[in-house]
Amino acid sequence: MDFLSTLRAYAPWATALVCLYSLLKAVYNVYFHPLSRFPGPKLAAASLWWQAYLDLWENGSLSLKLVELHATYGEIVRIGPNELHFSRPSAFHEIYNSRNRWSKGSYLYDAFVDTKSRSMFSILDYESAKKRSELTTNIFSRKSIIAMQNLVQECVDGMCANIDDHIANKRPVHFRRAFRCCTLDSICSLCFGRTTHALGAPEFRSPIEHALGTTLPIRRLAKHIPFLMTFLRILPPSLFRYLQPYSEGYLEVVKILSTQIREIFANPQSLANSDHPTVYHELMKAKDQSILTEEAFLDEGFLFLFAGTDTSSNALSVGTLHVLGDPQVYAKLMNELLEAWPRLDDRLRYETLESLPYLRAVVKESLRVSHGVVTPLTRVVPSDGAVISGKFIPGGTVVSMSNVLVHTNEEIFPEPHAFKPERWLDPAAGSLDNWLVSFSKGPRSCIGINLAYCEMYLAFANLFRRYDMRLNGVSPSDWRWVDHFLPVYSGSAPLELWAQARLT
């Protein structure tokens, strides 16, 4: 009772002190902080709770909000007490380039820490991340992907087999789920040597594919509540299902990866039974003992699973919408595919498909309008400071730039919101590749870019060459971008298309 009495007596004073500290801290941040000379919303400068409010209460998109803020405040906007965002396209390459060895800002990346260890994506310092990524770089090299493209083709064939079943039963195809199932099975087959069999799910309703989407709102919450993911991971499965009703697929992924990893650690020789090298083969070669733990392997497994599913499947979905929504684009793509692939019984390899100019233009334009990772990826300016967008930025400042502002810049991409593959066919289009930043740039960009391109070329070519298709009440304008990390479909009609088999 004495303790409770003391608590009741001092609680008002403690509350008052916390409120006073928060107020004084906010006043300092707004008016006396080294970044106080940079314009931006006062609430954003005062506290990180401004971003939390935008993410959680308004359920908004920081990336879209940034477009508004730059229109109001200019090329450099203060979006946090110690964070600046940039809009001039050249700033993107000043922040994310091969020469920079900058650390990542913890506020964003801590949301992707599920255990005591960190994956290569969430490791903050450059040197540690470099050592980790070097272990698996060879698997995702262009040479490796070309050699193992049959794994991707098998997944594309599995997707088409399910589409054939839809056609036979006169059902429309939900191509958003179809593409996600395809990239999910593709990344699992390549990285882990086994598949989730998502492509065989009736109507592509794979619980694992569904779980990957439903966990993203949790990541958004975890950005503002440290250690939330670690807490959820240690919950009993029954309680986790209660808190997250659509978690069955997520728990199944945890079970699949955990079982496989335990088998590997119990018997490393079991890796010899794999038909091809996997990420586990490469990770087991690590000299750093901190990596050789089940937790570290699980974190890397989840990274490849999530990162390897979204970017290419989003681009495939957005690209399909636009191609089918524009008769001229559709006709040009089909003419090229029919000329290069006259007999449907044949199979064109990735190397052949990427040499087709219009298909290549469609792939690039699909990546541009779907953007890839839309959340600004934070970096920390080194202690001696840096010049970005013509301004000196103090050391320790968190800086970032959303690729949305690069891909929608009118000087680089005229009519930026229009789907125009022709822009990539112009004689001077070679310079545009420098501004296609769907996979970011620099030494910490996505290592799976070669796999993503392989998936897109094979999936686009096979889908359009094998089937006659039309949209089922869907418009390209029904697509919008929200954080975290990916565009979402916001239309009232389902993402469906009607397909019928094309005669050989």
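Begin by selecting strand S2 (residues 83-86) and strand S8 (residues 398-400), which pair in the parallel sense over 3 bridges; strands here are DSSP runs of type E with at least two residues, helices are H or I runs of at least four, both numbered from the N terminus, and two strands pair if DSSP finds at least two bridges between them. Within this pair, Glu83 stands opposite Val398 in S8. Before going on, note that this is a predicted model, in which local features need pLDDT of at least 70 and side-chain atom pairs count only at pLDDT 80 or more, while totals for chains, interfaces and linings use all residues. Residues are numbered from 1 along each chain as its sequence is written, and side-chain values use heavy atoms, with hydrogens and water left out.

Next, select the open sheet of 3 strands in the order S4-S12-S9, where the pairing is antiparallel. S4 is joined by 2 bridges to strand S12 (residues 496-501), and the bridge partner of Val173 in S12 is Leu497. Helix H22 lies across S9 and S12, running at about 95° to S9.

Now show the largest pocket, which has a volume of about 980 Å³; a pocket is an open set of points on a 1 Å grid over the protein atoms alone, with protein on both sides within 12 Å along at least five of seven lines, and lining residues have an atom within 4 Å of a point. Its lining comprises 49 residues, of which Phe121, Leu303, Ala307, Val373 and Cys446 lie nearest the centre. H17 gives the most to this lining, with 11 residues.

Finish at Cys446, in the loop between helix H21 (404-407) and helix H22 (449-466). UniProt lists Cys446 for "binding site" in an unreviewed entry, and such annotations may be inferred rather than shown by experiment. Cys446 counts as partly exposed because its relative accessibility is 32%, between the limits of under 20% for buried and over 50% for exposed (1.4 Å probe, protein chains only).

Technical notes
Contact means heavy atoms within 4.5 Å. Axes are lines fitted to C-alpha atoms, for helices over the stretch in contact, and angles run from 0 to 180 degrees between N-to-C directions. On a 1 Å grid over the protein atoms alone, a cavity is a set of points where a 1.4 Å probe fits but cannot get out, and a pocket is an open set with protein on both sides within 12 Å along at least five of seven lines; lining residues have an atom within 4 Å of a point. Grid points are joined across faces, edges and corners, and a volume is the space filled by probe spheres set on the points.
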